[in-house]
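What follows is a walk through one structure, taken a few elements at a time. Please keep the sequence and the coordinates open while reading.

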Amino acid sequence: MAADSPSSSDAIVIRDLSKRFGAVTALEGINLSIRKGEFFSLLGPSGSGKTTLMRIIAGFEEPNSGSVRIDGEEMAGVPPHLRPVNMMFQSYALFPHLTVAGNIAFGLRQQRLDRDVIEARTEAMLKLVQLDALGHRKPHQLSGGQRQRVALARALARGPKVLLLDEPLGALDKRLR
């Protein structure tokens with residue numbers, strides 16, 4: 001799909017996006033359309049703006065100019081917690097005081113879902129990432145790859161329209177990837 005012809009099949013449409021941090025230009029004139037259901041990868045060297053672009057889509061950074069539309073809706077001024085987006089950070093950002101299951105359930109609790117729904121969805125995510133026997137553990141009791149799987153399960157649990165993954169597979173072994 002050409003970047004200048006958005007359609008109802010586009011999950012994300014970015015137009016003329018620019019972001020500067022003081023005198024440093026991180027992004028300039030980005031135009032991009034990503035279709036619903038598409039698996040899209042950003043590749044580039046360190047410092048090329050990949051994470052900055054994802055942080056703008058997620059709402060953690062504001063662009064200096066341009067627009068981001070998700071599922072046809074303009075995201076300017078929409079805070080991160082109200083966007084149909086989840087982001088798995090490179091650092092995992094797990095809550096150390098919560099168990100594995102508690103970390104996965106966190107976003108579901110924020111949505112104020114019924115306890116039965118939260119428990120069922122948490123169990124399904126634990127099974128999906130092959131950690132169903134470790135739901136009671138705290139993050140510090142897990143390996144790096146296990147922590148990464150918890151972060152992935154937490155990002156998937158809410159069923160976001162857009163899932164942003166910042167180097168999501170780095171700590172996973174080949175078989176699990």
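Two residues are in contact when they have heavy atoms within 4.5 Å. The model is a predicted one.

Leaving aside neighbours within four places in sequence, glutamate 74 is in contact with Ser67, Val68 and Arg69. Glutamate 74 itself belongs to strand S4, which spans residues 73-74. The side chain of glutamate 74 also reaches the backbone nitrogen of alanine 76, at 3.1 Å. For a sense of scale, valine 24 is 50 residues from glutamate 74 along the chain, and the two C-alpha atoms are separated by 26 Å.

Helix H1, residues 50-58, supplies a set of buried positions: Thr52, Leu53, Met54, Ile56, Ile57 and Ala58. Which elements cover them? The cover over the buried residues of H1 includes strands S1 (10-21), S2 (24-35), S3 (65-70), S5 (85-88) and S6 (162-165). After H1 comes glycine 59, with a positive phi near 95°.

The charged side chains can be taken next. How many salt bridges does a search of the whole structure find? The search gives 6. One of them pairs glutamate 28 with arginine 20, with an N to O distance of 3.9 Å. Arginine 20 has 35% relative accessibility and therefore counts as partly exposed.

Another salt bridge joins arginine 55 to glutamate 61, where the closest N and O atoms are 3.5 Å apart. Arginine 55 has a relative accessible area of 26%, so this residue is partly exposed.

A further salt bridge is formed by the side chains of lysine 161 and aspartate 71, at 2.7 Å from N to O. This pair links distant parts of the chain, its members being 90 residues apart. Lysine 161 sits in the loop between helix H4 (144-157) and S6, while aspartate 71 sits in the loop between S3 and S4.

Note on methods: Residues numbered from 1 in each chain as written. Predicted model: local features only at pLDDT ≥ 70, side-chain atom pairs only at ≥ 80, totals over all residues. Heavy atoms only, no water. Helix = DSSP H or I, 4+ residues; strand = E, 2+ residues; numbered from the N terminus. Polar contact = N/O pair within 3.5 Å; in protein donor to acceptor, adjacent residues only side chain to side chain. Buried < 20%, exposed > 50% of the residue type's maximum accessible area, 1.4 Å probe, protein only. Salt bridge = Lys/Arg side-chain N within 4 Å of Asp/Glu carboxyl O.
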